[in-house]
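Dear colleague,

Please find below the structure that I am handing over to you. My notes on it follow directly after.

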Amino acid sequence: MQVSKNTVVSLDVELADIWGNSIERSDAPLQYMHGGHGNVFPAIEAALEGRSVKDRVVVRLEPEDAFGDYDENLLRVEERSKFPDELEVGMRFEGDPGGDDEGRFFTVTDIAEDKVVLDANHPLAGMALKITCTVVEVRPATAGEIENGTADDPDSMILRILP
């Protein structure tokens, strides 16, 4: 069976920078619903169209096609007193409900005396990426999966830009 609209595709995936340094590799095959359902970056979906089990594709994604350009406007410096006593670089906090930052997640990138630096950019923002996908399985989607636009599997993935 070939990858086409309304098929559920299982992939082994490796994410690397453009120099080939591995960032992440799937431990087990990941699944997504193929066919314009918004579950995967469009360039990856286009590269997989018509492929079969054991086929491998390598896709280079520029920042605008992946996690976006790095936006300095998403940096914040806040008073240390606004945070819990136990605070470490790498911790994440959600923006204020009802405020301009609602739904945004900020990562602590620096702690200096009475200030905390927060960054709401995706960790891979501004990076060109190389994604290698090997097709492990292709099956027809069920009627319920087609209706929902996603694979009904706990291993399904959504690899796309979030608003």
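Which residues have the most contacts inside the largest nonpolar core? They are Leu11, Ile44, Leu48, Ile131 and Cys133, in a core of 21 residues. Before I continue, please note that this is a predicted model, in which local features need pLDDT of at least 70 and side-chain atom pairs count only at pLDDT 80 or more, while totals for chains, interfaces and linings use all residues. Residues are numbered from 1 along each chain as its sequence is written, and side-chain values use heavy atoms, with hydrogens and water left out.

Nonpolar cores

A nonpolar core is here a set of buried Ala, Val, Leu, Ile, Met, Phe, Trp, Tyr and Cys residues joined through side-chain atoms within 4.5 Å. Buried stands for under 20% relative accessible area, exposed for over 50%, and partly exposed for values in between (1.4 Å probe, protein chains only). Two or more residues of the largest core come from each of β1 (7-17), α1 (42-48), β4 (56-61) and β9 (129-140). Strand β9 provides the largest share, five residues. Helices (H or I, at least four residues) and strands (E, at least two) are DSSP runs, numbered from the N terminus. Another core, of eight residues, lies apart from this one and includes Leu87, Phe106, Val108 and Ala120. In soluble globular proteins, nonpolar side chains tend to be buried together.

Salt bridges

The count of salt bridges comes to five, where a salt bridge is a side-chain nitrogen of Lys or Arg within 4 Å of a carboxyl oxygen of Asp or Glu. One of them joins Glu79 and Lys115, at 2.4 Å from N to O. This pair links distant parts of the chain, since Glu79 belongs to strand β5 (residues 75-79) and Lys115 to strand β8 (residues 115-119), 36 residues apart. Glu79 is partly exposed at 34% relative accessibility, and Lys115 is partly exposed at 32%.

Another salt bridge is formed by Lys82 and Glu78, whose closest N and O atoms are 2.8 Å apart. Lys82 is exposed, with a relative accessible area of 58%. The side chains of Arg60 and Glu62 also meet in a salt bridge, at 2.6 Å from N to O, and Glu62 is partly exposed at 28%.

Aromatic pairs

How many aromatic pairs are there? The count comes to two. Rings of Phe, Tyr and Trp (its six-membered ring) pair if their centres lie within 6.5 Å; planes under 30 degrees apart count as stacked, over 60 as edge-to-face and the rest as tilted. The rings of Phe41 and Phe67 have centres 5.4 Å apart and planes at 85°, so this pair is edge-to-face. Phe41 lies in the loop between β3 (30-33) and α1, and Phe67 in the loop between β4 and β5, so the pair ties together parts 26 residues apart in sequence. Both Phe41 and Phe67 are buried.

Phe83 and Phe93 also form an edge-to-face pair, with 5.3 Å centre to centre and 70° between the planes. Phe83 is in the loop between β5 and β6 (92-94) and Phe93 is in strand β6, so the pair ties together parts ten residues apart in sequence. Phe83 is buried at 13% relative accessible area, whereas Phe93 is partly exposed at 22%.

Ser10

Ser10 lies in strand β1 and is buried, at 5% relative accessibility. Not counting residues up to four places away in sequence, Ser10 touches Pro29, Leu30, Gln31, Thr134, Val135, Val136 and Glu137, contact being heavy atoms within 4.5 Å.

With kind regards
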